[in-house]
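Please consult the sequence and the structure shown here while reading.

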Amino acid sequence: MYLTLISEPYAPWLAPYAYGIVLLGFSFFLFRVFENWYASIYDRPLYRHYFVYKKLTASQEVILQNQFVFYSKLSKKHKKQFEHRMVKFISEKKFIGRTDLVITEQMEVLITATACMLSFGRKNYLYPLIDFILVYPSEFYSTVNQNFHKGEFNPKERALVLSWKDFEEGFQINNDNFNLGIHEFMHAMQLESMSSRDLDSIRFSKQFQNILKQLTKQEVKDQLDKTKFFRSYAFTNQYEFMAVLAEYFFESPKDFEAIFPKLYNYTKKLLNFNFE
Ligand SMILES: [Zn+2]
């Protein structure tokens with residue numbers, strides 16, 4: 001007769017906790033719904049950060065300060081966010097030198113900074129499809145299509161592959177619309193947008209559709225033919241188009257905006273470069 005008492009299934013003292021947990025879960029759910037609704041209405045994430053606390057080492061910071069122009073133009077608040085994101089990126093990705101190349105701190109910092117610059121307007125900035133960054137000294141032989149490449153994104157190997165010589169050139173000359181780093185990271189971002197359903201990927205797909213629609217308009221086609229603004233490689237396929245578009249967006253935003261205001265505007269929304 002004591003048995004029922006011992007195995008008493010009902011524990012009234014637990015009830016408030018149980019309600020609490022259900023309520024908390026429901027609030028999270030509501031918040032997620034609101035967050036997604038906001039991103040789809042305003043074409044940008046509701047917020048991009050929870051906490052910002054990670055800092056680069058002093059020597060990494062010096063490289064960033066002296067060699068990465070984008071960083072020097074950021075506000076104090078955005079600099080902190082940028083640094084935090086870089087620390088996270090470096091800790092998650094494995095940098096590997098190929099054909100005897102030794103990865104230097106400069107390589108790590110500049111490649112990471114390029115990745116974080118392209119994804120800076122996003123909430124999800126870490127490129128989940130990339131685990132490895134492979135760096136060759138110069139052009140390398142690619143088994144993907146038996147040819148020499150300056151860079152590639154290989155989703156099967158989860159690897160972003162770069163020729164350091166070409167990466168450096170792309171980034172030192174910052175107004176010739178060639179930027180290998182931006183180009184390859186854009187490939188990874190676009191592929192992510194096709195396999196993921198988070199709010200940044202949804203925003204990407206939406207603006208990508210807007211961009212494609214623009215390209216079917218006769219006046220845009222005429223303008224493309226007349227100005228030859230984008231290099232012809234952009235028209236290889238839709239992936240190359242987006243990668244080249246991103247290079248132009250960062251390297252000659254003024255001309256881009258003047259010649260193709262709508263395309264520019266959609267690219268801006270896609271990357272969310274609407275900082276205060
Ligand atoms: Zn490409």
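## Nonpolar core

In this predicted model, the largest nonpolar core comprises 57 residues. The members that touch the most others in this core are Ala113, Cys116, Leu160, Phe185 and Ala246. Helix α6, spanning residues 105-118, makes the greatest contribution to the core, supplying 9 residues.

The surroundings of Phe185 can be described individually. When neighbours within four places in sequence are set aside, the contacts of Phe185 are Thr114, Ala115, Leu118, Tyr127 and Leu160.

## Overall architecture

The protein chain contains 13 helices and 6 strands. Along the principal axes, its C-alpha atoms occupy a box of roughly 90 × 50 × 40 Å. Of the 276 residues in the chain, 33% count as buried.

Contacts were also considered according to sequence separation. Among those between residues at least 6 apart in sequence, 71% join residues at least 24 apart.

## The annotated segment at residues 14-34

An unreviewed UniProt entry assigns the annotation "transmembrane region" to residues 14-34. In the model, the chain over residues 14-34 is 95% helix and 0% strand. The C-alpha atoms at the ends of this segment are 30 Å apart.

Asn147 belongs to strand β4, which covers residues 147-149. Because Asn147 has 10 C-beta neighbours inside 10 Å, and a residue with 12 or fewer is classed as exposed, Asn147 counts as exposed. Asn147 and Gly25 are separated by 122 residues in sequence and, C-alpha to C-alpha, by 52 Å in space.

Strand β5 (residues 151-154) pairs with strand β6 (residues 159-163) in the antiparallel sense, over 4 bridges. Within this arrangement, Gly151 is positioned opposite Leu162 in β6. The hairpin formed by β5 and β6 has 4 residues between the strands, and Arg158 in this hairpin adopts a positive phi near 55 degrees.

## Helix α10 and the residue that follows

How many of the 10 residues of helix α10 (residues 218-227) are buried? The number is 0, so helix α10 lies largely in the open. Just after α10, Lys228 adopts a positive phi of about 45 degrees.

How values were computed
Residues numbered from 1 in each chain as written. Predicted model: local features only at pLDDT ≥ 70, side-chain atom pairs only at ≥ 80, totals over all residues. Core = buried A, V, L, I, M, F, W, Y, C linked by C-beta atoms within 7 Å. Buried ≥ 20, exposed ≤ 12 C-beta atoms within 10 Å, placed from the backbone. Helix = DSSP H or I, 4+ residues; strand = E, 2+ residues; numbered from the N terminus. Contact = placed C-beta atoms within 7 Å. UniProt positions renumbered as here; feature names shortened; annotations may be inferred. Pairing = 2+ DSSP bridges.
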